[in-house]
Amino acid sequence: MSQIRVAIAGPRGKMGREAVKMVQQTDHFELVAVLDRKYDGQLLSDIPDFPGVNVPIYTNIDQLFQNESVDVFIDLTTPEVGYIHTKTALMYGVRPVVGTTGFTNEQLEELKQLAEEKKLGCIIAPNFAIGAVLMMKFAQMAAKYLPDVEIIEMHHDQKLDAPSGTAVKTAQLIQEVRSPKTQGHPDEKETLSGARGANIEGMRIHSVRLPGLIAHQQVMFGGEGQSLTIRHDSYHRGSFMTGVKHCVDTIMHLETLVYGLEHIMD
Ligand code: NAP
């Protein structure tokens, strides 16, 4: 297996730390640099928690790509900078694997066109956990028969975007098999704004943010005299890394943008 040279943005973050560990532990991956917003010019090993990881830290993405030879760029930052990073990586001919959530549809469309133009793989995956991908697939199957559905996503209280990328992705998959439909009583009124959650073609999404949570989602379906709940829980951020690893391997053979891990799972 040929060596894949990887750079990671957001290495001190909760996801970034796991990604550094995963890349270090994978024989055919080589961590060549990280992109942070602090510690320019230092080595990652100079920072507590990264003993022995002797790779340079850059705060300027152009300098990183000009100085280092990178095959795959993993972004685990925030939506605003993550979008700029992804675009810049593609401009430099580097394949991005993006876990950062919260990109707009316009941004996704622009990145798709750029990836096509450059003939470069780009994977944007709102959820790298294999179990979460299965939850979304099962929810899509169920929605065909039980179109009354509410999505409740629950995350730690440091999460910046709401609803979660996974909830939006789940709703989009359900939209493919469900016609728009008003749910609840036709005359229902919110006496407190937001009580019924976000509305996507009549489907409701509720976002819970609490300390102690990691990433959880349940999709609830109701039918005549019955209900079905499909639930997935990530208890540790390590749960996302098999997905990240699969993306880094797969992206080397892609020439377009793929949105969602399910499209690269058999
Ligand atoms: P986090 O702990 O807040 O980490 C984000 C990191 O990005 C921080 O270290 C932050 O630095 C850094 N950062 C901010 N601006 C930057 C910049 N301009 N350049 C370089 N680094 C910068 O968040 P997290 O929980 O790891 O999540 C990161 C992203 O992944 C979020 O968008 C989250 O929604 C997403 N996520 C995706 C999945 C998935 O499966 N796809 C799973 C979990 C989370 P500071 O510490 O200095 O602010």
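Trainee: Which residue of strand 11 does F221 stand opposite?

Mentor: F221 stands opposite L228. Keep in mind as we go that this is a predicted model.

Trainee: How do you know that strand 10 and strand 11 pair?

Mentor: Two strands count as paired if there are at least two bridges between them. Strand 10, residues 215–223, and strand 11 have 9 bridges, in the antiparallel sense, so by that cut-off they pair.

Trainee: What is the order of the strands in the open sheet with mixed pairing?

Mentor: The order is 8-9-7-10-11, which makes 5 strands. Strand 8 (198–200) and strand 11 (226–234) are the edge strands, as each pairs on one side only. From one strand to the next, the twist averages 20°.

Trainee: What makes you say that helix 5 packs on this sheet?

Mentor: Helix 5, residues 130–143, touches strand 10 and strand 11. Touching is judged by heavy atoms within 4.5 Å. The direction of helix 5 makes about 165° with that of strand 11.

Trainee: Why is H155 called buried?

Mentor: Buried means under 20% relative accessible area. H155 has 9% relative accessibility, so it counts as buried. You will find H155 in strand 7, residues 148–155. Leaving aside neighbours within four places in sequence, H155 is in contact with several residues, including S164, V208, L210 and H216.

Trainee: What makes the pair H155 and E153 a polar contact?

Mentor: The cut-off for the N or O atoms is 3.5 Å. The side chains of H155 and E153 make their polar contact at 2.8 Å, which is within that cut-off.

Trainee: Which way do the side chains of strand 5 point?

Mentor: R95 and V97 point one way, P96 and V98 the other way, and all are buried. In a regular strand the side chains alternate between the two faces of the sheet. Strand 5 also pairs with strand 4 in the parallel sense over 4 bridges, with D75 opposite V98.

Trainee: Which residues come nearest to the ligand?

Mentor: Of the 23 residues around the ligand, M15, R37, T101, A125 and F128 come nearest. A polar backbone atom of M15 is 2.7 Å from an oxygen atom of the ligand, and a polar side-chain atom of R37 lies 2.6 Å from an oxygen atom of the ligand. For A125, a polar backbone atom is 2.8 Å from a nitrogen atom of the ligand.

Trainee: How much of the ligand does the protein bury?

Mentor: The protein buries 82% of the 930 Å² that the ligand exposes when taken alone.

Terms used
Residues are numbered from 1 along each chain as its sequence is written. This is a predicted model: local features need pLDDT of at least 70, side-chain atom pairs count only at pLDDT 80 or more; totals for chains, interfaces and linings use all residues. Side-chain values use heavy atoms; hydrogens and water are left out. Helices (H or I, at least four residues) and strands (E, at least two) are DSSP runs, numbered from the N terminus. Axes are lines fitted to C-alpha atoms, for helices over the stretch in contact, and angles run from 0 to 180 degrees between N-to-C directions. A residue is near a molecule or strand if one of its heavy atoms lies within 4 Å of it. A polar contact is a pair of N or O atoms within 3.5 Å; within protein, one must be able to donate a hydrogen and the other to accept it, and residues adjacent in sequence count only if both atoms are side-chain atoms. Accessible areas come from the Shrake-Rupley method with a 1.4 Å probe; for residues, only the protein chains shown count as cover. Buried means under 20% relative accessible area, exposed over 50%, partly exposed in between (1.4 Å probe, protein chains only).
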